[in-house]
Amino acid sequence: MTWGVSHLSVRYGDVAALTDVSVDVVAGEVVALVGGDGAGKTTLLRAMTRTVPASGGEVRAPGVAEIGFMPTQAGVWRELTVDENIAFVASAQGVKGADLAQRRAELLEATGLTQATDRLAGALSGGMRQKLAFSLAMLHRPPLLLLDEPSTGVDPVSRVDLWRMIAQAAADGAAIAMATTYLDEADRASNVVVLDAGEVLLAGTPARVLESMPGRVLSSPTRGPGSFTWRRGHSYREWVAEDPPAGVARAADLEDAVVGAALAKEAASV
Amino acid sequence: MSDALLSADSATRRFGDFVAVDSVSLEVRAGEVVGLLGANGAGKTTLIRMILGLLPASEGSVALFGAEPSREARARLGYVPQGLGLWHDLTVAENLAFVGDVYGATIEVPDALAGLSTRPVGGIGLGRQRQVAFAAALGHSPELLVLDEPTSGVDPLSRARLWDAIHEAADSGVGVLVTTHYMQEAQQCDRLVLMSQGREVAAGGEADIVGDTRTIAVRTDRWQDAFEALDAAGVMTMLAGTHVRAVDATEAQVRAALGDIPAQLESTSATLEEAMVARERAA
């Protein structure tokens, strides 16, 4: 099953939050929605839950009962214990009996919260809380999981656990869309959609994203002459509009490709 | 005698029986960007608080500009906390003027923010807010910058520009200490220090942190099965698109876990993130 949006536009009054955005969310795969604050990631996820109306285009998603949604920096009730959080969501989603018992045990083990069921969710570390929020979003095994920056502020150890849970859900057949500001996470996804000011900047498999950047990114030990230059560690990068010679990559990695594409867009708008 | 701007010498901080920072030694010299890595609870925040002079060391010592952290010493450093420390109801210009007054300096609104100077900080994007926080921290020409996850939440182009500003400051002789748990930020640093459970467990370049940790890339049409089999066998797994990475495992372990799932195995160097988590798990 493939969910997603086609040529979706969303407006908030006079402001275009999304313009002509198409994304496929495929069962058994993870698509990463990459962009900074204000790029349109949350609007896209909200449009898929139909809590934000589309002004154009199409949303392909099941009903809310079949969607697991994990909002950014929330998704747990801080004043409830871990167990109460699970019980509350289970009753809301109609998960009960032996199914609930099994699901609860699985999720507690995956989150490492088995010994902490009496703790208030608000007293958990950020990483633990995000893992609990993910567990709650997928408690009822929804076929579509929408995750809004699940790993922001989460330390690397918890992040690996979180990714393990996300991969597990994909392996079990869920279609997953996750928003992130970090491109090293995009490398873990089957497909990447880079959003910038509500528009798709680049999209496709990580390899395809590298190929579809306009122009090329040069690397050198000294700062280039153009204005489209930036530092990366000990070397400098420069985006130029010319295509690379045959057989030469446009950019070394996703980070360079996305910065290059953003600069290409700036160059085109001047 | 060291000419370090910042030095910790076997610095230890206890809270009752709990050792938050355990005999950590660290230096930041002029013009150097040092990255401080570690999971939650590794002791990074406690160490920063010691450096800022907010917490005295239980044992060992911390020195700012060659002396114990003091109010005068703190005036010579710029600090950007994760929460940015800006006043959301004040405009960009008012925020910078206020910080300038505190340090007895005049902070100009940078050209890149000129169009926003009369806008309340709470109403501009996070990438722009970070630029304001940077301008505020750099406004009194500090000799040392302490940055807590400087580019969390911003888009890649804004991140590249913020790092340009950090490198530019370092080129002009400012020492920079950056805490991060994002590997792309770590790769921008000249030197890295990895903390785990209060201790320094590795230091040096990326290669020194990765050490000899290897990862086996497992390529198969049945990645879902491979993932479940490796996970069930207790192997640390990372998803990478449509293949699986088995971290810090031997080929024999991976083959045994996969059983009859056909797969191509390729041994590669671990990524910084993989190596860091593998070390944390081993601890």
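A word on conventions before I start. Residues are numbered from 1 along each chain as its sequence is written, while chains are lettered from A and ligands numbered from 1 in the order in which they are written. Because this is a predicted model, local features need pLDDT of at least 70 and side-chain atom pairs count only at pLDDT 80 or more, whereas totals for chains, interfaces and linings use all residues.

The model scores ipTM 0.84 and pTM 0.88. Chain B has 10 helices and 13 strands, where helices (H or I, at least four residues) and strands (E, at least two) are DSSP runs numbered from the N terminus. Taken along the principal axes, the C-alpha atoms of chain B fill a box of roughly 70 × 45 × 35 Å. Of its 283 residues, 48% count as buried; a residue is buried if 20 or more other C-beta atoms lie within 10 Å of its own, exposed if 12 or fewer, and partly exposed in between, with C-beta atoms placed from the backbone. Contacts, here and later, are pairs of residues whose C-beta atoms, placed from the backbone, lie within 7 Å, and among those in chain B between residues at least 6 apart in sequence, 69% join residues at least 24 apart.

Let me turn to chain A, where 6 strands form an open sheet with mixed pairing, in the order β5-β6-β7-β3-β8-β9; two strands pair if DSSP finds at least two bridges between them. The edges are taken by β5 (67-70) and β9, each with a single partner strand, so one side of each is left without a neighbour in the sheet. On average, neighbouring strands of this sheet are turned by 15° against each other, direction ignored.

Within that sheet I would draw your attention to β8(A), residues 191-196, where 6 of the 6 residues are buried, so the strand is largely enclosed by the rest of the structure. Asn191(A), Val193(A) and Leu195(A) cover one side, and Val192(A), Val194(A) and Asp196(A) the other, all of them buried. With β3(A), residues 30-34, the strand runs parallel and is joined by 4 bridges; Ala32(A) has Val192(A) as its bridge partner, and Leu33(A) stands opposite Val193(A). With β9(A), residues 199-204, the pairing is antiparallel over 5 bridges, Leu195(A) being partnered by Val200(A). These two strands form a hairpin with 2 residues between them, and Ala197(A) in the turn has a positive phi of about 50°.

Leaving aside neighbours within four places in sequence, Gly68(A) is in contact with Ala137(A), Met138(A), Pro142(A) and Leu145(A), and its C-alpha atom is separated by 4.6 Å from that of Ala137(A), 69 residues apart along the chain.

Now the helices. Axes are lines fitted to C-alpha atoms, for helices over the stretch in contact, and angles run from 0 to 180 degrees between N-to-C directions. Helix α4(A) lies across β5 and β6 (144-148) of chain A, running at about 160° to β5(A). Helices α4(A), residues 126-137, and α5(A) pack at an angle of about 10°, with their axes 9 Å apart. They are therefore roughly parallel to each other, on a scale where angles under 35 degrees count as roughly parallel, over 145 as roughly antiparallel, 65 to 115 as roughly perpendicular and the rest as oblique.

Helix α5(A), residues 156-171, also packs against α10(B), at an angle of about 100° and with the axes 9 Å apart, which makes the two roughly perpendicular. The contact is made by Pro156(A), Val157(A) and Val160(A) on one helix and Glu273(B), Met276(B), Val277(B) and Glu280(B) on the other.

Finally, the contact between the chains as a whole takes 36 residues from chain B and 38 residues from chain A. On the side of chain B that touches chain A, the largest share, 8 residues, comes from α5(B).

Technical notes:
Contact = placed C-beta atoms within 7 Å.
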